[in-house]
Number of protein chains: 2
Amino acid sequence: MTPYNIDHVAIAVDDLDEAIERHRQLFGAEPLWREVVADQGVEEAMIPIGGSFVQLLAPLSGDTPVGRFLTKYGEGLHHIAYAVPDIAAALQDLRGEGARLIDETARTGGRGAKIAFVHPAAFAGTLIELVELPDE
Amino acid sequence: MTPYNIDHVAIAVDDLDEAIERHRQLFGAEPLWREVVADQGVEEAMIPIGGSFVQLLAPLSGDTPVGRFLTKYGEGLHHIAYAVPDIAAALQDLRGEGARLIDETARTGGRGAKIAFVHPAAFAGTLIELVELPDE
């Protein structure tokens, strides 16, 4: 299933307020909203750039996936999210190609979207999220 | 200067042909073109996704920035590129904010675009490229 958009590019940061302010200073762009996604242990700020978002991602505690990423690697690019029209069909296609998945079925992410993560072992060491946005 | 688009998200890969084929298998999308950018020591393949590109980036030799990145970190997300209308003005703004730059002035990248890299120390450990596309 071909993604129809890069929904967002996520950057892991230590301090969400500082990162938002620094991004604003350097690049002028501001978040449209911020949101705690308790299920993922993060607070995220969504900065619109063209038809995509830069997502700044701060952990709610050290003992979360993003908290452990920051301890290991420091701040930096974390994942890329592809928007797909039908996430269940996309996951089925990926399983058919033998791709390793983190999430076998979709769960609920920010914006009430259906999301699932594909393991970095599936493609070029890159954590890829699939996003199916809710109907407007 | 506010970017008007995420021009591309770059992923460093060991083998460009393999990565293109794997991306096609998993996600259906194919490169619109590929290009050697000798100045940067890379061959890049540009896969359109929505209004942006995923750029697969393979080093021409180990002794290049992307070659050294791969040796140190392995395959993975490498940089994000913001499209700006006027790269000279954007660089001047960034200097005014005290941002550390890799390129003090623009040079020529793929597609004949004017490009410049901002140092990861400037924002969240993230390598950010500025791109001013040539007039059509």
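Predicted model: local features only at pLDDT ≥ 70, side-chain atom pairs only at ≥ 80, totals over all residues.
## The contact between the chains

Chain B and chain A bury about 3400 Å² between them, and 70% of this area lies on carbon and sulfur atoms. The contact draws on 42 residues from chain B and 42 residues from chain A. On the side of chain B, the residues B:Phe27, B:Leu77 and B:Phe123 supply 22% of the area that this chain buries against chain A, which is more than any other three residues supply.

## The nonpolar core

The largest nonpolar core has 66 residues, and the members that touch the most others are A:Leu56, A:Leu130, B:Leu56 and B:Leu130. When neighbours within four places in sequence are left aside, A:Leu56 is in contact with a set of residues that includes A:Ile11, A:Val13, A:Leu16, A:Ala19 and A:Ile20. Among the other contacts of A:Leu56 are A:Glu43, A:Glu44, A:Ala45 and A:Ile47, together with B:Phe123 from chain B.

## Aromatic pairs

Over all chains, the structure holds 6 aromatic pairs. In one of them, the rings of A:Tyr82 and B:Phe27 have their centres 5.1 Å apart and their planes at 90°, and the pair is therefore edge-to-face. Because A:Tyr82 lies in strand β5 (residues 76-83) of chain A while B:Phe27 lies in helix α1 (residues 16-27) of chain B, this pair joins two chains. A:Tyr82 is buried, with a relative accessible area of 0%, and B:Phe27 also counts as buried, at 2% relative accessibility.

Another pair is formed by B:Phe69 and B:Tyr73, whose ring centres are 5.1 Å apart and whose planes stand at 50°, so that this pair is tilted. These two residues are 4 residues apart in helix α2 of chain B, and they are therefore separated by about one helical turn. In general, an α-helix has 3.6 residues a turn, so residues three or four places apart point the same way. B:Phe69 is buried, with a relative accessible area of 18%, whereas B:Tyr73 counts as exposed at 53% relative accessibility.

## Helix α2 of chain B

Helix α2 of chain B spans residues 65-73, and its buried residues are B:Val66, B:Gly67, B:Phe69 and B:Leu70. These residues cover an arc of only 160° around the axis, and so they lie on the same side of α2(B). On the other side of the helix, B:Pro65, B:Thr71 and B:Lys72 are exposed.

## Strand β4 of chain B and its partners

Of the 8 residues of β4(B), 7 are buried, so this strand is largely enclosed by the rest of the structure. Strand β1(B) runs parallel to β4(B) and is joined to it by 5 bridges, while β3(B) runs antiparallel to β4(B) and is joined to it by 8 bridges.

Strands β3(B) and β4(B) form a hairpin with 2 residues between them, and in the turn B:Gly50 has a positive phi of about 55°.

Conventions: Residues numbered from 1 in each chain as written. Chains lettered and ligands numbered in written order. Heavy atoms only, no water. Buried < 20%, exposed > 50% of the residue type's maximum accessible area, 1.4 Å probe, protein only. Arc of directions from axis to C-beta. Core = buried A, V, L, I, M, F, W, Y, C linked by side-chain atoms within 4.5 Å. Contact = heavy atoms within 4.5 Å. Phe/Tyr/Trp six-rings, centres within 6.5 Å; stacked < 30°, edge-to-face > 60°. Pairing = 2+ DSSP bridges. Buried area = accessible area lost by both parts, 1.4 Å probe.
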